[in-house]
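Okay, thanks for making time, everyone. Let me put the thing up on the screen and then walk you through it, piece by piece.

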Amino acid sequence: MDAAERAAPELIDRAPESTAALETPVYFEAGDDVLLGVLTRPSVRSLNVALISAAGGLRGTSMGRNRMMVRLARQAGGRGFHAFRFDYHGVGESTGPIESFSLDAPYVQDLEAAARTVEGFGVERHVYAGICFGARTVMSLVPSREGVAGVALVEPPIRDGLRQGRKLTRYGNRQLMRVALRPWVLAGLLKKEQRAYYAKFVKAKLHAARTKDESREETDLSWVSEDYLGTLQRLVDRGVPVLLVYGDGSENYREFLRAQTGRLGELMSSAGDGIEIVTLPGQIHGFSDLLSQQRVIDTIEGWATGLFADGDGPPEDLGGEDGA
Amino acid sequence: MTEREGVALQAAVRADAGGGVREEASFFGGPERLFGVTYLPPDPEVGVVICSPIHAELLRNYRREVLLARSLARSGYAVQRFQYRGSGNSDGDPAEETFESLCEDARAAVDRLVGTTGVERLVFVGTRLGAVAAAVTGRTAGAVALAMWEPVLNGERYFREIFRGHLVSGLKKAEDGEERKPSQELRDRGSVDVLGYSIDRPLFESVRTRRLIDDAAQGAPPHVLLVQIGGGRGLRAEAGSLVERWREAGASVRTHQLEGSEPWWFGGTPQISGEDPDRAGELTEVTSQWMLQSAPPRS
C-alpha cells in the first residue's frame, strides 16, 4: 500500500470551540421532504470552507452516538471551518417515511440538498465527512460536485449491500467471533426469536464450512464495490484529497486489506499522498467507547485543518456572530 | 433569525403541509442554550412539554417523540420538545448534568412554550428519567395532565441496568485484558464509559439518592397516563404502587402496557433496524387519545 498511511494521532489540544450561540437551525427541501440541518459558524477567523457531515445509518440522527457529530462540528468551528450536519429524510427532525439504510441506495439527494443549502450561506468550498453509510453517501455524491476540497471517509464499507446482501456464512471464523461478541449480538441472546436466528445461522455456517464456500472469496474480488473503486479513482484523478479512517479491529478494514490484492491495491499505489489512510486502535465502527469517538473527531478535524495549513484556503473573516 | 422579547433567537421555521402547523427549531435560553422544536397550531389553548430520556435512550426514543409532537400539534396542541444541557444539540457539559439540571431545563422549555404561545394549561409527557423530570416540573408548573412512558422509579436499578450494558461491552473488550467494574471506575475516576456514553458522578449521585417514586407520586395532576413496556402480565410492583398512590390522591389514572421489551441501550434507531416498527404508532395513538379526553385542546 503506497498511499500515505499513518497511525492514530495523539489527542490534540483543543482550540476554542464553537457553541450553540454560533449555530443556526435550517430547514431545507430534499425532493418531497423537508430536512433539518444545523449550520455552525467558526469561532475564529473563517477559512470559508464548510465541513459537511453525513451520519451513519444505525444511529439515525445527525447528532450521532453521544452527539459525536455535534462535537465534530463545534471542534471544527474552533479551527475556522463552517460545519453543517443534517437529519436524513425520515430521521430525527426531518420529514418523510423511515427507510432502511442500504449501501447500494445511499441518500445522495439529501446530501446534495445539504450542500446546496451551505452554498446558500455563501460557503462554496466543502470538505465532506461521512461515516459508514454516510461515507458511501458522500462517495456517491462528490464526483459530481464542484468545490470539493477534501473527503473524509470513516469506515466506508467496501462492498455494496453489506448489511443486506452479504451471506453471513461468508464471514471467516475469527470475523464471526468478533461479530458474536458485539454488545447488541450478545443482548440478542436474551430474546427467544433472536436465539433461534443465531442457531439457524450456526447450522448454515457449519454447512458452508463443509462445502468450503469460504475460500473462493480470497481470490475472487468481485465483491469489491465498483462504486467504491470508481469514486476513489475519480477523486484521485481530480486531485481531491481523501482521508480513509478505519479501526484496525473492524471488519471493514479487514476487507479493505483483502481487497489490496486487486484493483484497490493498484489504485492506492498510484494515489500516493492523494489518499491518506489512518488506522485507529480497535473497533471504531459504532463508536461504542468515548476514546474512539474522540480519536475520530480529532483525526477528521486535524486532517481537514492540515489541508488549509499553508493558507490554501481563502481567509476571509466571517467569524463570530456576524458571520454567514 | 428572529427577534423576540429582546432575545436573539436562532430559529428555522417550516409549515406542515395541510395541517396549518408551524414547526420552529431554535436555540433558546442561556447563557448555555438549549436546542428545541416548538410546534405551533393556530391559536393553541393547551401546551405540551415533552421531556426526553438521556444518553442512549435519547436516540432510541427520538423519532417517537417527533411523531408524537406532530400528531398532537395536528390535533391543536402547542408542543415543546427540547434537549437538556450537555445532550443533543444543546450547549453544556454532560459531566455537569444532574437530575436537578434536567428539571431546570424542562422549566426553561415551559418558559419557551408559554412565552411563544401564551398557553396557560400545560400537559407533560416524559420518558424514563425524563418522565420523573416531567412529573417534578409539571407539579411546579401546575400541569393539568401527565403522561409517563416507562418511567424510571428506582435510581439504583436504573444504573444497574445501565452498567449491565457496560459489562456486556466489557466482555468484548476483555480480549485486551481490561478489567471493567463500573461502580469502582465511577468512584475512582468520577465517570464511567458505558457504550460510548459518559455516566458521571453528579448525575449518578443526584439520581441514586432520590426517591424517584415519591417524586413521581407527589402532587399528581388530575389526569395521569402510565405506559409500561413489557413486564409480563400487569404492572410491575413499583408502577402498581405509584398508580395506587395517584388514585388515593384523587387522580384519574389510565395505564397501558405494550408487549415485548425495549432494549434502551442496545441497537440503533428502532424504526430503522426493524425492531417493533409499530411501537411509535401505538405510543402516539395511546397518548393522543388519552390527552384528547383528559385535556382537550379546546375549552
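Let's start with helix H3 of chain A, residues 133–141, which is mostly covered: nine of its nine residues are buried. By buried I mean that 20 or more other C-beta atoms lie within 10 Å of the residue's own; exposed is 12 or fewer, partly exposed is in between, and the C-beta atoms are placed from the backbone. Helices here are DSSP runs of H or I with at least four residues, strands are E runs of at least two, and both are numbered from the N terminus. Among the buried ones in H3(A) are A:Phe133, A:Arg136, A:Met139 and A:Leu141. And what sits over them? The cover includes strand E4 (49–54), H2, strand E6 (125–131), strand E7 (148–154) and helix H8 (226–238), in chain A.

Quick housekeeping. This is a predicted model, where local features need pLDDT of at least 70 and side-chain atom pairs count only at pLDDT 80 or more, while totals for chains, interfaces and linings use all residues. Residues are numbered from 1 along each chain as its sequence is written, and chains are lettered from A and ligands numbered from 1 in the order in which they are written.

Now, that strand E4(A). It's mostly covered too, with six of its six residues buried. Both faces are covered: one side has A:Val49, A:Leu51 and A:Ser53, the other has A:Ala50, A:Ile52 and A:Ala54. As for its partners, I call two strands paired if DSSP finds at least two bridges between them. E4(A) and E6(A) run parallel, joined by six bridges, and A:Ile52 stands opposite A:Tyr128 in E6(A). E4(A) also runs parallel to E5(A), with three bridges this time, and there A:Ala50 has A:His82 as its bridge partner.

Follow E5(A) off its end and you get to A:Asp87, in the loop between strand E5 (82–86) and helix H2 (108–120) of chain A. Is A:Asp87 buried or exposed? Buried, because it has 25 C-beta neighbours inside 10 Å. Beyond four places in sequence, A:Asp87 touches residues including A:Leu35, A:Thr61, A:Gly92 and A:Ser94; a contact here means C-beta atoms, placed from the backbone, within 7 Å.

For contrast, look at A:Asp237, over in helix H8 of chain A. That one counts as exposed, because it has 12 C-beta neighbours inside 10 Å.

On to the core. In soluble globular proteins, nonpolar side chains tend to be buried together. A nonpolar core, for us, is a set of buried Ala, Val, Leu, Ile, Met, Phe, Trp, Tyr and Cys residues joined through C-beta atoms within 7 Å. The largest one has 173 residues, and A:Ala152 and A:Leu153 touch the most other members. Helix H1 of chain B, residues 56–74, gives the most to this core, with nine residues. Leaving out neighbours within four places in sequence, A:Ala152 is in contact with residues including A:Tyr128, A:Leu243, A:Ile300 and A:Trp303.

Over to chain B, then. It has 10 helices and 12 strands, and 52% of its 299 residues count as buried. Of its contacts with a separation of 6 or more, 66% are between residues 24 or more positions apart.

Strand E3(B), residues 22–28, has six of its seven residues buried. It runs antiparallel to strand E4(B), residues 34–40, with seven bridges, and B:Phe27 has B:Phe35 as its bridge partner. Those two strands form a hairpin with five residues between them, and B:Gly29 in the turn has a positive phi of about 75 degrees.

Then there's helix H2(B), residues 99–117: 19 residues reaching 27 Å from first C-alpha to last, close to the 27 Å expected at 1.5 Å a residue. That expected span is 1.5 Å times one less than the number of residues. Its buried residues include B:Phe99, B:Asp105, B:Arg112 and B:Leu113. Just after the helix, B:Gly118 takes a positive phi of about 80 degrees.

Last bit, confidence. pLDDT is the predictor's confidence in each residue, from 0 to 100. Chain A has a mean of 83, with 74% of its residues at 70 or more. But pLDDT stays under 50 over residues 162–167 of chain A, which have six contacts beyond four places in sequence in the model. Residues 313–324 of chain A also stay under 50, with 30 such contacts. Where pLDDT is low, the predicted coordinates should not be read in detail.

Definitions and conventions. Contact = placed C-beta atoms within 7 Å.
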